[in-house]
Amino acid sequence: MTVSIDTQGRVAIVTIDNPPVNASSQAVRAGLLEAVTKTEDDPDVDAVVLACAGRTFVAGADVREFDLPLMEPHLPDVIAAIEAASKPWVAAIHGTALGGGLELAMGCHFRIADPMARMGLPEVNLGLVPGAGGTVRLPRLVEAELALTMIAGGKPILANVALTAGLIDAIATSDLLDEAVALAVEHAAPRRTLENAVVGASDAEAFDKTATGLRRKVRGQESIAAAIDAVGRGVRLPADEALAAERAAFLALKSSDQARALRHIFFAERATLADPRAKLTPRPLQRIGVIGGGTMGVGIVSAFLMRGFEVTLIERDEASLHAGADRVHATLDSSAKRGLLPDLDAVSARFDTAIDYAALSDADLVIEAVFEDMEVKKQVFARLDQVTKPDAILATNTSYLDVNAIAAVLSDPSRAVGLHFFSPAHVMKLLEIVLPGAVAEDVVATAAKLSKSLGKIGVLSGVCDGFIGNRIMSAYRAEADRLLIDGASPDQVDSAMRAYGFPIGVFEMQDLAGLDIAWAMRKRRLAEGKISGGYIRIADRLCEIGRFGRKTGAGWYDHVDGTALPSEVVMSIIAEERQTMEAVGKAFATEDVMPRILGAMTREAEAVLAEGIARSAEDIDVVMVNGYSFPRWKGGPMFAARSAGG
Ligand code: COA
């Protein structure tokens, strides 16, 4: 039974059991409605506890139902029936009460949660607004401003925060269900959320200020703007009017392009490791070695430490080692300050440093994050081959180089893999798992498990220059350069990209990252004969005069007091290169920019797919959204192209 009823004394316990996450699917909604009738009618029941079996309280509406026609009973009606019940209902929350799950809990009259529980209304992340009273009930339990932040921001809050804010009445100290029953016995009468006044309604100014701040961050995502409006109505209108308007907004968004795109990404992110090798038994992983204490190395060390691993950082001399270790500690400190690390001392105690590679003799996995140079990487791998256990996995964090060639220096190349982290590695969710030809199947399984242990989204990639992501990015960067030759300005291209939804344009991005790194790479690729025909020299010429981007005060733009200004020097270099290439450089229409950029991106993506470098179009979308700022609400380049009929 999806919803069952037991009794403990005179308290009915209504249990939802709908694995994996107790989504409020049609069967759950129907079962709950029936439970309301039964418990109301049962003279032996005085109160009701609503609980869930398995790993979590209701984690939301069933996202798989969103593409189907609506099925009765609807969640708002189920919640209204619970709220109207004459006997008190107590929600017993464990795991995550999200979306419809939290709305259900708010329709109950009392709420108690496990100390580890998290609660939130993440609908905006799926292109929606709450559709079952969330925007009306939440500001009647917690400060309207907090309700707005939770609903428009979509981030869940922890049980202790929920308790202080007034969202829940208690945190269980030992047994959630027993304590929920006790709470139900204690309260003779229901207490209906909708009958509360809005919390902090008098401070309209603070609310409006928060709303304005949130609106600024919206960029192109419709659901966030709609959520701000919905909470505004929830706070200002009579409850019944606000509920009706909320439902209408939810239904309108449900079938919108953005919601479809966000659902696509939601499921694509959960399917990236659907490879038979990922299901095999992984090798044990506890002791990790990281070679190189630069930006990437420090981020990787921190990512592992934060997730319970023991880590040894290796650097070539004492000074570099100290500098690296200091940056690791600074990273951990700032995470602890943001409440992300409950026990900083325990985390630091798992961190060690060394100069001698011998310290890696018992490591289960070593990741090199040294200078991006094939010879240096090969030397590191050759030394690791000598000092590590024969079954230790050896990984390279290279973002371009041939992982097969690096693996080939090992006596057993099957233990080599690419782990391409994104900077900052302790924050960015994407992990490209690059599989050389000889890779052992259980190394794939271990890397897949590792990505989950690190809280990252692992995507499998074959070996090619740049793997999935950098290869597609190089292609659209090259197209951006061609746009300049054809008459566009850097500012025009960047503005078009921002208008599309990228947080930053392709040229601004290069100024931020530094032009010198890509320059070095182009020189290598030119030397290797990998670049031919129609090579555009504009970026090289900027580098030749020391314009490396923000760090030198000049790049594609002039950077003056933190502002990027179009540069005449750059425009004249572009004009010269147009002449050299015998291009006309006519006036370029801004609306022509994005089709060209997207076209280049999807052409390269199709090639990556055809060559078997990516497993699926969905994987490519996940990579571009999570690693390369492709707007999530467009679903990634492949989805966007398909939606546009491309
Ligand atoms: N509807 C349908 N299926 C869902 C779902 C939902 N709301 N939430 C999760 N699932 C499925 C996932 O697709 C996955 O299925 P799979 O095993 O076939 O791939 C499975 O449940 C487990 O989810 P996963 O995200 O891998 O587990 P987790 O433990 O890391 O996270 C949650 C659990 C609930 C925190 C997370 O799934 C989540 O945030 N879900 C969405 C919640 C939400 O947005 N609700 C509002 C909907 S309007």
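Me: Is asparagine 22 buried or exposed?
Reply: Asparagine 22 is buried because its relative accessible area is 2% (buried: under 20%; exposed: over 50%; partly exposed: in between; 1.4 Å probe, protein chains only). This is a predicted model, in which local features need pLDDT of at least 70, side-chain atom pairs count only at pLDDT 80 or more, and totals for chains, interfaces and linings use all residues. Residues are numbered from 1 along each chain as its sequence is written, and side-chain values use heavy atoms, without hydrogens and water.

Me: Where does asparagine 22 sit?
Reply: Asparagine 22 is in the loop that runs from strand S2 (11–16) to helix H1 (helices, H or I of at least four residues, and strands, E of at least two, are DSSP runs numbered from the N terminus).

Me: And what is its phi?
Reply: The phi of asparagine 22 is positive, about 55 degrees, although the residue is not a glycine. For background, most residues other than glycine have a negative phi.

Me: Which other non-glycine residue has a positive phi?
Reply: Serine 629 is one of them, with phi near 65 degrees. Serine 629 belongs to the loop between helix H25 (617–627) and helix H26 (637–643). Serine 629 counts as partly exposed, since its relative accessibility is 27%.

Me: Back to asparagine 22. Which residues does threonine 56 touch?
Reply: Apart from residues up to four places away in sequence, threonine 56 touches Pro20, Val21, Asn22, His94, Gly95 and Thr96 (contact: heavy atoms within 4.5 Å). The side chain of threonine 56 also comes to 2.8 Å from the backbone nitrogen of threonine 96 (a polar contact is a pair of N or O atoms within 3.5 Å; within protein, one must be able to donate a hydrogen and the other to accept it, and residues adjacent in sequence count only if both atoms are side-chain atoms).

Me: Where is threonine 56, and why does it count as buried?
Reply: Threonine 56 lies in the loop between strand S3 (47–52) and helix H2 (75–84). Threonine 56 counts as buried because its relative accessibility is 4%.

Me: What else is in that loop?
Reply: Proline 73 is also placed between S3 and H2. The bond from glutamate 72 into proline 73 is cis, with omega near -5 degrees. In general, most peptide bonds are trans.

Me: Where is there another cis bond?
Reply: Serine 423 and proline 424 are joined by a cis peptide bond with omega about -5 degrees. Proline 424 is found in the loop between strand S15 (416–421) and strand S16 (430–434).

Me: What surrounds proline 73?
Reply: Beyond four places in sequence, proline 73 is in contact with Gln26, Arg29, Ala30, Leu33 and Val78. Proline 73 is buried because its relative accessible area is 15%. The C-alpha atoms of proline 73 and valine 28 are 9.6 Å apart, although 45 residues separate them along the chain.

Me: Arg29 is on that list. Where is it, and what does it contact?
Reply: Arginine 29 is part of helix H1 (residues 26–41). Its contacts beyond four places in sequence are Ser24, Glu65, Met71, Pro73, His74, Leu75 and Val78. At 8% relative accessibility, arginine 29 therefore counts as buried.

Me: And Leu75, buried or exposed?
Reply: Leucine 75, a residue of helix H2, is buried because its relative accessible area is 10%. Leaving out residues up to four places away, leucine 75 touches Ser24, Arg29, Gly100, Glu103 and Ala132. The C-alpha atoms of leucine 75 and methionine 601, which are 526 residues apart along the chain, are separated by 41 Å.

Me: New topic. Which residues are closest to the ligand?
Reply: The closest are Arg55, Ala59, Ala61, Val63 and Arg270, among 18 residues that surround the ligand (near: a heavy atom within 4 Å).

Me: Which polar atoms face the ligand oxygen and nitrogen atoms?
Reply: An N or O atom in the side chain of arginine 55 is 2.5 Å from a ligand oxygen. A polar backbone atom of alanine 61 is 2.8 Å from a ligand nitrogen. Arginine 64 places a polar side-chain atom 3.4 Å from an oxygen of the ligand.

Me: Which element gives the most to the shell?
Reply: Helix H11 gives the most, with three residues. Strand S5 (96–98) and helix H11 (257–270) each supply at least two.

Me: Last one: which residues of helix H20 are buried, and what covers them?
Reply: In helix H20 (residues 506–513), the buried residues are Val506, Phe507, Glu508, Gln510 and Asp511. Their cover includes helix H18 (467–485), helix H19 (490–500), helix H21 (515–527) and strand S18 (557–560). Just after H20, glycine 514 has a positive phi of about 100 degrees.
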